[in-house]
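Dear colleague,

Please find below the structure that I am handing over to you. I would be grateful if you would look through it together with the notes that come after it.

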Amino acid sequence: MAIRKAVVHCFILWQLPLLLLLSCHRNTAYAAGCTWELLMSNIGISAMHMQLLNDDRVVMYDRTDFGSSNISLPDGKCHNNNDLALKVDCTAHSVEYDVSTNSVRPLMIQTNVWCSSGSATSDGSLVQTGGFNDGKLVIRVFKPCINGKRSTCDWQEMGNGLIQSRWYASNHMLPDGRQIIIGGRDAFNYEFHPKSASTNNVFSLPFLQQTNVPREENNLYPFVFLNVDGNLFIFANDRAVLLDYTTNTVVKTYPEIPGGDPRNYPSTGSAVLLPLNNLEAQTIQAEVLVCGGAPKGSYLKATGGDFVDALNTCGRISITDPNPQWTMETMPLARTMGDMVILPNGNVLIINGATSGAAGWGIARNPVLSPVIYRPDNLPESRFEVQNPSAIPRMYHSTAVLLRDGRVIVGGSNPNELYNFTGVLFPTELSLEAFSPSYLDSESANLRPQIISPVSRHKFKYGQRVNIRFSISRLLNKNSIKATMVAPGFNTHSNTMNQRLLVLSNGVVKQVGKSVYQVSCLFPKSGKLAPPGYYLLFVVHLDIPSEGIWVRIF
């Protein structure tokens with residue numbers, strides 16, 4: 001397979017339409033040091049779903065009923081296909097991307113994973129749930145090949161692992177290491193994996209039925225975040241609740257987001273849990289940011305050829321406040337089907353998507369080529385910074401996840417029912433790009449920390465104190481050091497499940513050698529703050545992160 005690299009520097013690459021669009025946003029800042037890099041022009045599949053695992057490989061997949069992909073299964077393998085396009089398929093619909101070698105390895109999926117959900121679990125495996133047709137009740141597990149022979153590491157499938165069919169559902173890790181699977185088409189309930197005698201059932205969640213709009217839905221792939229009290233914040237359509245899943249009780253109902261426009265599939269927006277700080281405080285604040293989407297009725301209008309402008313607003317809410325209220329902010333670019341990625345320094349990257357239409361087959365127009373960075377700690381009028389554009393539209397079925405080196409890998413885009421490369425407005429996209437934020441610019445190299453210890457893949461207990469030793473070649477600003485811990489998320493359909501960033505409590509920074517420093521940090525005290533599993537640990541100096549190391553908390 002041909003591998004091609006190209007670097008696009010993002011200093012002055014503005015397109016005239018973008019300049020005209022942004023001319024009225026006087027308070028908008030513009031990036032000066034980001035780069036785009038084409039990693040591979042053809043990975044063989046369209047990266048519709050994506051998860052970074054703790055061996056620095058990214059598992060990606062699309063669907064088994066697309067027809068033949070552009071990458072063959074190894075050793076003459078084929079599988080019988082119960083779907084519509086092919087009865088016998090000898091091509092792969094999942095790949096493992098190796099970050100270090102910039103190469104892919106084909107993986108074998110037996111059942112249809114289209115529009116499924118998943119999460120990396122406490123042992124580092126990717127557990128993926130549901131899908132379409134013969135895949136709707138299936139649970140699949142992919143374990144990273146840390147010690148074994150890589151060619152033997154592949155998907156393992158468990159038929160009927162789910163009680164309820166799950167298509168367009170959302171997953172999240174829980175404090176005890178289980179995974180909860182919520183919603184999906186015609187699935188107004190939730191269930192757990194693994195199951196026990198007391199949880200071998202589905203649990204009704206009327207909120208999902210209440211937010212379901214006839215003929216449009218607008219509540220699929222609900223946004224789910226583990227709150228610091230152990231309950232689940234669930235946002236669907238235009239509103240949210242706080243669910244005690246242990247008693248199946250809604251303990252709080254949040255106000256409707258101002259404007260009342262939908263933010264979930266197919267009027268797709270995106271959402272993040274903003275960084276958690278002050279982890280040793282008696283009261284820890286948790287905030288959620290919901291951005292973009294499409295106005296009411298956009299999906300039905302788009303299916304008839306009327307492509308309504310996407311939403312340009314974000315709603316921000318403190319979900320831990322006794323009387324929570326939404327604060328609305330205006331993005332410099334309207335966006336539907338965008339992805340939101342938490343960066344190691346706590347900023348949020350908003351990337352991919354379109355400025356009109358909705359999610360679905362060929363019903364969006366006007367790709368948003370320029371990402372935006374949101375700085376949550378800035379004053380409201382200076383939070384958004386427009387980044388310079390990619391040349392590749394990333395429309396329906398696009399993905400983006402954070403890598404350990406601080407880049408964001410971007411793939412996918414297929415608004416067509418099959419693999420379709422000609423004669424359509426937006427052809428099936430098989431390429432893979434990397435977006436490098438300005439903190440990776442060469443001018444920041446002397447300010448970038450390098451972690452010396454602990455070594456990667458070390459295990460830590462909840463509440464354990466650790467001395468992090470790092471080096472910086474230029475003079476250190478001791479007051480601008482923090483350590484962050486990022487849970488890599490499972491990304492599909494503008495929903496990055498299980499993504500969260502915690503700012504570790506730290507003490508005084510000490511110099512322990514020439515250009516070598518040490519900071520003492522405290523890991524989170526419970527699984528309510530950080531569910532057990534693998535995280536990326538970074539040291540951040542003046543908003544410039546080190547390369548991450550893997551740590552496991554339990």
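Overall fold

Please bear in mind that this is a predicted model. The chain contains three helices and 46 strands. Its radius of gyration is 22 Å, close to the 24 Å that the globule rule gives for 554 residues, so the chain is as compact as a globular protein of that length. The C-alpha trace spans about 65 × 60 × 55 Å along the principal axes. Of the 554 residues, 63% are buried. Where contacts link residues at least 6 apart in sequence, 63% of them join residues at least 24 apart.

Pocket and cavities

The largest pocket has a volume of about 360 Å³. It is lined by 23 residues, and those closest to its centre are Pro275, Asn277, Arg316, Pro376 and Asp377. The lining of this pocket comprises nine nonpolar, eight polar and six charged residues.

The largest cavity has a volume of about 150 Å³. Its lining consists of 18 residues, with Ala120, Thr121, Asn498, Gly533 and Tyr534 nearest the centre. Strand 4 (49-52) and strand 44 (533-541) each supply at least two residues of that lining, and strand 44 gives the largest share, three residues. By class, the lining of the largest cavity has eleven nonpolar residues, six polar and one charged.

The second largest cavity holds about 90 Å³ of space. Among its 14 lining residues, Val341, Leu402, Pro488, Gly489 and Gln499 lie nearest the centre. Strand 26 (339-342), strand 32 (398-402) and strand 38 (481-487) each contribute at least two residues to this lining. The lining of the second largest cavity has eleven nonpolar residues, three polar and no charged.

Backbone geometry

Most residues other than glycine have a negative phi, and most peptide bonds are trans.

The peptide bond from tyrosine 265 to proline 266 is cis, with omega near 10 degrees. Proline 266 sits in the loop between strand 21 (249-253) and strand 22 (270-273). A cis peptide bond also runs from serine 453 to proline 454, with omega near 5 degrees; proline 454 belongs to the loop between strand 35 and strand 36 (458-460).

Asparagine 160, which is not a glycine, has a positive phi near 60 degrees. It is located in the loop between strand 13 (156-158) and strand 14 (170-173). With a relative accessible area of 62%, asparagine 160 is exposed, because the cut-off for that class is over 50%.

Tyrosine 221 likewise has a positive phi, of about 45 degrees, although it is not a glycine. This tyrosine lies in the loop between helix 2 (206-210) and strand 18 (223-226). Its relative accessibility is 1%, so tyrosine 221 counts as buried, the limit being under 20%.

A loop residue

Glutamate 443 is placed in the loop between strand 34 (432-436) and strand 35 (450-453). At 68% relative accessibility, it counts as exposed. Glutamate 443 and glycine 33 are 410 residues apart in sequence, yet their C-alpha atoms are 8.7 Å apart in space.

With kind regards

Methods. Residues numbered from 1 in each chain as written. Predicted model: local features only at pLDDT ≥ 70, side-chain atom pairs only at ≥ 80, totals over all residues. Heavy atoms only, no water. 1 Å grid on protein atoms, 1.4 Å probe; cavity = no way out; pocket = protein on both sides within 12 Å on 5 of 7 lines; lining within 4 Å. Points joined across faces, edges and corners; volume = space filled by probe spheres on them. Nonpolar A, V, L, I, M, F, W, Y, C, P; charged D, E, K, R; others polar. Helix = DSSP H or I, 4+ residues; strand = E, 2+ residues; numbered from the N terminus. Rg over C-alpha atoms; globule rule 2.2 N^0.38 Å. Buried < 20%, exposed > 50% of the residue type's maximum accessible area, 1.4 Å probe, protein only. Contact = heavy atoms within 4.5 Å.
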